[in-house]
Amino acid sequence: RPEGAYYHPDMHEWILPYEIVRSAPDPERAVLEFLQSTYEAAADRAKWDRAALERPSGWEPPPSAARVYGRT
């Protein structure tokens with residue numbers, strides 16, 4: 001994901017062409033979708049314990065960490 005991303009067999013990498021991002025209705029979402037989908041594919045193939053690695057949906061840093069996460 002998103003539509004237009006592809007695997008380059010010679011480079012052994014997933015590619016998201018700039019033009020796909022530039023022309024997307026929401027470029028930030030297109031990049032996030034690409035990063036999330038490549039992470040999920042790698043984590044699933046490597047059989048990572050995703051429950052132990054990932055934060056639960058809706059997670060927020062504690063107030064004491066707000067400055068670290070850029071939230072003041």
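Glu19 and Arg22 form a salt bridge, with their closest N and O atoms 2.7 Å apart. The model is predicted. By the rule used here, the structure counts five salt bridges. It also holds two aromatic pairs.

- Glu19 and Arg22 both sit in helix H1, which covers residues 18-22.
- The two residues are three apart, about one turn of the helix.
- Glu19 has a relative accessible area of 41%. That value lies between the 20% and 50% cut-offs, so Glu19 counts as partly exposed.

**Salt bridges of Arg1**

- Arg1 forms a salt bridge with Glu33, and the closest N and O atoms are 3.7 Å apart.
- This pair links distant parts of the chain: Arg1 is in the segment before strand E1 (6-8), Glu33 is in helix H2, and 32 residues separate them.
- Glu33 is partly exposed, at 29% relative accessible area.
- Arg1 also meets Glu40 in a salt bridge, side chain to side chain, at 3.7 Å from N to O.
- Because Arg1 lies in the segment before E1 and Glu40 in helix H2, this pair ties together parts 39 residues apart in sequence.
- Glu40 has a relative accessible area of 23% and is partly exposed.
- In general, side chains of opposite charge can pair when their charged atoms come close.

**Aromatic rings**

- A pair of aromatic rings is described by the distance of the centres and the angle of the planes.
- One of the two aromatic pairs is Tyr39 with Trp48. Their ring centres are 6.0 Å apart.
- The planes of Tyr39 and Trp48 stand at 50°, so the pair is tilted. The angle falls between the 30 degrees cut-off for stacked and the 60 degrees cut-off for edge-to-face.
- Tyr39 is partly exposed, with 25% relative accessibility.
- Trp48 is partly exposed too, with 42% relative accessibility.

**Charge over a ring**

- Arg55 places its charged end over the ring of Trp59.
- The distance from that charged end to the centre of the Trp59 ring is 4.0 Å.

**Arg45 in helix H2**

- Arg45 lies in helix H2, which covers residues 27-45.
- Arg45 has a relative accessible area of 65%. The cut-off for exposed is over 50%, so Arg45 counts as exposed.
- Arg45 and Ala24 are 21 residues apart in sequence. In space, their C-alpha atoms are 28 Å apart.

Notes. Residues numbered from 1 in each chain as written. Predicted model: local features only at pLDDT ≥ 70, side-chain atom pairs only at ≥ 80, totals over all residues. Heavy atoms only, no water. Helix = DSSP H or I, 4+ residues; strand = E, 2+ residues; numbered from the N terminus. Buried < 20%, exposed > 50% of the residue type's maximum accessible area, 1.4 Å probe, protein only. Phe/Tyr/Trp six-rings, centres within 6.5 Å; stacked < 30°, edge-to-face > 60°. Lys NZ or Arg CZ within 6 Å of the ring centre and 35° of its normal. Salt bridge = Lys/Arg side-chain N within 4 Å of Asp/Glu carboxyl O.
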